[in-house]
Amino acid sequence: MYDLLITNGKVIDGTGSPWYYGDIAIKDGKIARIGKLNNIEAREVIDVDHKVVSPGFIDMHTHSDLVILDEPLIEAKVRQGITTDLLGQDGIAAAPLPDNYVSPWRKNLAGLDGTPPIEWDWNTVQDYLDKIERNEPSYNIATLAPHGNIRMKVMGLENRPATSEEIKRMQEVLRRSLNEGAVGLSTGLIYPPCCFAEMDELEALCQVIAEYGVPLVIHQRSEGDEILESMQELIDMMKRCGAHLHFSHLKNCGKDNWHKTPDVLAKIDQARSDGLEVTFDQYPYTAGSTMLSAILPPWAHDGGTEKMLERLEDSQLRKRIVEEMANALKGWDSMSKWAGWNGIVITSVNSPENHSFVGKTIEQIGAMKGRHDYAELALDLILEEKNAVGMIDFVMDEESVKMILAHPSGTIGSDGLLGGEPHPRAYGSFPRILGKYVREENVLPLEDMIRRMTSQPARIIGLQDRGVLREGMAADIVVFDPDLIIDQATYESPRQFNRGIQRVIVNGQVIIDEERAYRKPAGHVFRRSHPTTVVNVNS
């Protein structure tokens, strides 16, 4: 007898092949049979009445790293049809984490990953994954090894080039992290301490991932003013390393740069024609979201959050920061210059005194306080909140979003920050694509878009038993109505679940059933295996 039988489904299998009608039988968390399954018995039968049945969606860029330790079932994620989250993004994440840097690192991550009430009691990637596993998540989790954490473990948070010996030690820490289960390397070249590294350091780490056959997942140093130059230097480096290059949240920012989008995609096409594997992820919105302190030039972050806050109290250094934010620097993108102070919205703070600013632009906060020195006001807010401030920044155009979404090398990542009043992408990314961009605007056929949400990301991060509906594969499954599916989260009211996703099944267990969500220990914590012996480095 089977555990679960899904009948009368319009099956889209994740390969990009056309849909077909079929039934799916599930046993012990696996897909046991697919076809016209008459006269078979199952403990539970779900007639989906010709709705779409697809593999579970894989979110290729998430910031659930800390929240997952507090909330095993993150409804914002699973109600989108997401059955697997990829953590460890942007080079600044949870692990590895040396004991002597726990306090400054918590402050550094506060504006990005929030401040959930958890115990910070891990050091290595293995410790961290074990902790998630003990918390019994309701959906699947994988993680990257973050460059910034690796650098911090070896040389702290200093703004200086690494020595050759320090680079060798970073390679050892990376190998250990990969041997403990990380599925790739991430970096964020706008975030400290990653932004302090020179390219030879990053190239040495990419030589390691080439040995393992895993990707570099990168928030590149420029996503606008110097985006083409930034892409080319990475492509050249990865050709030398022979490793897979994956761009995080590919976009083209700043009105003066929007015309470059065809050239951005041409760079990817040319690199692939030259034999380099290049892929990317994307969220379907014209605004980004990150910590407010990302508006500061890189040097302001030297030494970590406490040093950065000290600089904001120095009148001369503040003057320099304000000038550089207004004019930008070569090799550094000024988000405040791109968005303007009416295009930056505060999403989260910690203190009750500033809670009324959540959901307001910097200009609106200025009006509330009777101030017009908007740059100074933003710096004051970072200082008052001790860096625990999130923001939304409006910097992209709709035509570029659609152009990038249509490219065959893409995958989908929500990049959702879950605290405060978040960017609507945290709740709506996947349904928005299927409703707005597939059904309403015909950017891509449904089967091809499902491929980008399922089998393509599974291949990139090495999930061999996910992403395709096939006998013997894990039963991660989404059932949705293609005529109804749409996001409902907005910038004004972001904590809204979508319409149209009817069921979400993780490893054979029903987690979402119409309007009901079930907290079950259904998720797996993935550890990518490799035959290399674990290198002994100090924890």
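**Cysteines, sheets and a helix**

Trainee: How many disulfides does a search of the whole structure find?
Mentor: The search of this predicted model finds 0 disulfides.

Trainee: Okay, new topic. What is the mean pLDDT of the protein?
Mentor: The mean is 95, and 98% of the residues reach 70 or more. Over residues 531-539, though, the pLDDT is below 50. In the model, that stretch has 16 contacts beyond near neighbours in sequence.

Trainee: Good to know. Now the sheets: what is the strand order in the open sheet that has β6?
Mentor: The order is β6-β7-β8, 3 strands with parallel pairing. β6 (57-59) and β8 (140-143) are the edge strands, each pairing on one side only. On average, neighbouring strands are turned by 20° against each other, direction ignored.

Trainee: How many bridges join β7 to β8?
Mentor: There are 4 bridges between β8 and β7, which covers residues 82-87. To find your way, look for T84, which stands opposite N140 in β8.

Trainee: Which helix lies across β7 and β8?
Mentor: That is α3, residues 125-134, and it runs at about 170° to β8.

Trainee: Let's move to β10. Are its faces covered or open?
Mentor: Both faces of β10 (residues 185-188) are covered. L185 and T187 are buried on one side, and S186 and G188 are buried on the other. In a regular strand the side chains alternate between the two faces of the sheet.

Trainee: What does β10 pair with?
Mentor: One partner is β9 (residues 145-146), in the parallel sense over 2 bridges, with A145 opposite L185. β10 is also joined by 4 bridges to β11 (residues 215-219), and those two run parallel. Between β10 and β11 the chain passes through helix α6 (residues 199-212), a right-handed β-α-β crossover.

Trainee: Which sheet has antiparallel pairing?
Mentor: Look at the open sheet of 3 strands in the order β14-β16-β15, where the pairing is antiparallel. Its edge strands are β14 (287-291) and β15, and the twist averages 25° from one strand to the next.

Trainee: How many bridges link β15 and β16?
Mentor: 4 bridges, with β16 spanning residues 390-394. S348 has G390 in β16 as its bridge partner. Helix α2 (residues 102-113) packs on this sheet, where it touches β14 and β16, and its direction makes about 155° with that of β14.

Trainee: Last one: how many residues of α13 are buried?
Mentor: In α13 (residues 374-384), 8 of the 11 residues are buried, including Y374, L377 and I382.

Trainee: What covers them?
Mentor: The cover includes α9 (305-312), α10 (315-327), α12 (362-369) and strand β15 (344-348). Following α13 is K386, which has a positive phi, near 50°.

Definitions and conventions. Residues numbered from 1 in each chain as written. Predicted model: local features only at pLDDT ≥ 70, side-chain atom pairs only at ≥ 80, totals over all residues. Heavy atoms only, no water. Disulfide = S-S within 2.5 Å. Buried < 20%, exposed > 50% of the residue type's maximum accessible area, 1.4 Å probe, protein only. Contact = heavy atoms within 4.5 Å. Pairing = 2+ DSSP bridges. Axes fitted to C-alpha atoms, helices over the stretch in contact; angles between N-to-C directions. pLDDT = per-residue confidence, 0-100. Right-handed = clockwise from strand over helix to strand, strands pointing away.
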